[in-house]
Amino acid sequence: MNILRLEQVVKTYGSYRAVNDVTFDIPKGVVFGMLGPNGAGKTSLIRIITSITKADSGRIWLDGEPLNSQHPEQIGYMPEERGLYKKMKVGEQLTYLARLKGLTAAQARESLSYWFKRLDIVDWWEKKVDELSKGMQQKVQFVATVLHKPKLLILDEPFSGLDPINAQLIESEIRELARQGTSIIFSTHRMEQVEEMCRHVVLINKGQNVLEGEVKNIKAEFKQNHFLLDVDGELPADFAEHFAVVSRDEMGTVVHLPSGHGGNELLSWCIDRKITVRHFEELLPTFNEIFIRRVQETQ
Amino acid sequence: MQNLKLIVWREFITRVRKRSFILGTLLAPLGLLVYFLVIIGLSSYSGGGELKVAVLDEADMLGPIPDDKGVHYIPAADRSLDELKKAVEDGTYNGILRIPALGNMQQKNLTVFYYSDKKLPPEKSEFIEDRIEEKLRDFKIDSLGIDRRNLDVLDTKVAIDPEKLDGSEDDQSQYTAAVGLAIGGIMAFVMFFMVLMYGQMVMRSVMEEKTNRIVEVMMSSVKPFELMLGKILGVGAVGLTQVLSWTVLSTLVTLLVPMIMDIDPQQLQQSAPAGAGAAQINPEEAQAEGLRIFAELSKQNWGLIAFAFTIFFLGGYFIYSSLFAAIGSAMSDDMGEGQALTLPVTLPIVLAFYITAFAGIRNPDSGLMVFTSLFPLFSPIAMPFRMAFDPPWWQVALSLVLVVAAAVFFVWLAGRIYRVGILMYGKKVTLREIGKWMLWK
């Protein structure tokens, strides 16, 4: 079952085509990575999903229903550019935002007291936002995004501008929400973050979906049969006659095996020659590499 | 609808709770109170104490002069100037008033001399001149043997009383125009002031949300149009609250001042600076005048005026505040470009006000004024002004229809600009581009 389905979505601003015929599905209950460089059209897509703007054409389903005016209440969105009313008190502001998401005053209070306790910010209720530090404001912003228990949480660059402590806190909250069944779209241009958090990804470039799928499948698809081998002492001189060496540095030697050949061949070769293997791993491409390769391929 | 209510309430309550709003709302009438007190204090200030003046009436023309306005006139015709000068030096008198004889009854100017080392205050000098002129007039009347009763009937007051050709209804008087001018002028000014002030408040509020970046969070919960409309309604409610408070408080102040100062309004009028002929009007006449103005005021169709004013106010406010909202949404963080974008919106308001102030006062029914009071960008200021001069009813009706239609149209149009502008960051926007946004899907 998918929480979100996009079909041939197109959005143009004047003559600029920001989203160009994008189709993908987001499975329920996973952290889904939306990757792409700055200006790829990620924010434009998010704005369409959150009903901030309308697509020119294409169809979108949220949890099986065509996107409608009730759906924004089921979505929590944290934009890349964070924003709060600076002069408003934290409690009042969050109550207001919660009520705009369809909560009653009592529900809002209940949800807020849960989050205030959870994030240990109970004594901020009466503080004005501009009295808080930037890190504190980020916490408030996060609460604003999740307080209505959205089915779908959309986080645009959630870690940008966060100090390591807050970043870790938010990360663990995201994981906890995912564990409880919230579907999460995690949009970023920082490819390495995706590998840590997401099971599924879509790669967007120039408004188009260039690649999508499960992280491990994509990695497998793009793997180049490269292995990293580090041994005690030097490798024998005839090693290069048997294996194609890609590179060599203090971490070890990177070896390319022809397709159809596995890592065991390399290992058994070493064992046969009584070479002590200190480190061995299959090198999977990073998303950065995959992205660059994919973009080059499609051009 | 629920969201709109929440937005309106937030826009309203966050402003009304602000210290600056509370102070502004309370202080303005208080300022009025202080202003009144100062004016009254100044005008009843006797101008430097009592003055004792020896009157050396050389031709014995004036007779005794009653004390008046802090000046004591002491007859001293039986003493010489030198004697009197000594008395002034002693401090018995403050000064000597020497009144030479009139050459003949036809003489129209007379120089009177005042001897003192201290300067006569200008105000006192005026009082004394007035007194002596009165006395000399009495002297001339008696000397020429004119019957006072005949004299009184010489002056005839003339007033133009406009009448309808069919002689029907609406008995207008000479005061109609003056009262109309006052009512129309006040309404035009209030309208001008409110539309400009609260329109710009809407604009600032839109810009604040945009630069704060809260707008994207808001957009994920509410429709852009809801947010814009909520803002316009909320700020409008603040404006109405302020005007209402000012009206109530000012009324209280005007009622309270005489009580605090223990002043009888009649007295107030007499002690007012004796400028132009104000002092010459005798109390009964002033009262009659007041009654006539009052009659004129009560003759105005207040129900209709209030109804039309409200519609024009709302219409004007919606038109301009939505335009300001659109402009605010298009502005980037940089305030510098503001002028170029706001000018096209402020210009029509100012123009409407000037046309009304200059052309309207001269002739409220001129072709220019008729056009100005129908054109919806101008009519909220111009038509309430004309209303006081009894314009053809169809023009009022047409103007009302046009202003309502225009308000709906401009709110819609502004919504189309706003939804694009509010999410547009990091580039300067020209009016041409704003024009293009209206056409975006």
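**Close-up views of a predicted two-chain model**

**Figure 1. The contact between chain A and chain B.** In this predicted model, the contact takes 21 residues from chain A and 16 residues from chain B. On the side of chain A that touches chain B, the elements giving two or more residues are β6 (75-78) and α2 (90-100) of chain A. Of these, α2(A) supplies the largest share of that side, with four residues. Sorted by class, the side of chain A that touches chain B holds 12 nonpolar, six charged and three polar residues.

Figure 2. Strand β9 of chain A spans residues 200-205, and six of its six residues are buried, so the strand is largely enclosed by the rest of the structure. H200(A), V202(A) and I204(A) point one way from β9(A), while V201(A), L203(A) and N205(A) point the other way. The residues of both groups are buried.

**Figure 3. The pairing partners of strand β9.** Strand β3 (residues 31-35) of chain A pairs with β9(A) in the parallel sense, over four bridges. Within this pairing, G33(A) has V201(A) of β9(A) as its bridge partner. Strand β10 (residues 208-214) of chain A runs antiparallel to β9(A), and six bridges join the two. Here N205(A) has Q208(A) of β10(A) as its bridge partner. The hairpin of β9(A) and β10(A) has two residues between the strands, and in this hairpin K206(A) takes a positive phi near 50 degrees.

**Figure 4. Two further residues of chain A with a positive phi.** Most residues other than glycine have a negative phi. Q8(A) is not a glycine, yet its phi is positive, at about 50 degrees. Q8(A) lies in strand β1 (residues 2-13) of chain A, and it is exposed, with 12 other C-beta atoms within 10 Å. K149(A), also not a glycine, likewise has a positive phi of about 50 degrees. The position of K149(A) is in the loop between α4 (134-146) and β7 (152-156) of chain A. K149(A) has 16 C-beta neighbours inside 10 Å and therefore counts as partly exposed.

**Figure 5. The nonpolar cores.** The largest nonpolar core has 139 residues, and the residues with the most contacts inside it are F186(A) and A325(B). Helix α6 (residues 175-212) of chain B contributes the largest share of this core, 14 residues. A second, separate core of 17 residues has among its members I65(B), A76(B), Y93(B) and I96(B). Leaving aside residues up to four places away in sequence, A325(B) touches V202(B), M203(B), V206(B), M228(B), K231(B), I232(B), A414(B) and Y418(B).

**Figure 6. The setting of I434 in chain B.** I434(B) belongs to helix α16 (residues 431-437) of chain B. Is this residue buried or exposed? I434(B) has 20 C-beta neighbours inside 10 Å, so it counts as buried. When residues up to four places away in sequence are not counted, I434(B) touches A330(B), I417(B) and V429(B). K86(B) stands 348 residues from I434(B) along the chain, and the C-alpha atoms of these two residues are separated by 87 Å.

Conventions. Residues numbered from 1 in each chain as written. Chains lettered and ligands numbered in written order. Predicted model: local features only at pLDDT ≥ 70, side-chain atom pairs only at ≥ 80, totals over all residues. Pairing = 2+ DSSP bridges. Contact = placed C-beta atoms within 7 Å. Core = buried A, V, L, I, M, F, W, Y, C linked by C-beta atoms within 7 Å. Nonpolar A, V, L, I, M, F, W, Y, C, P; charged D, E, K, R; others polar.
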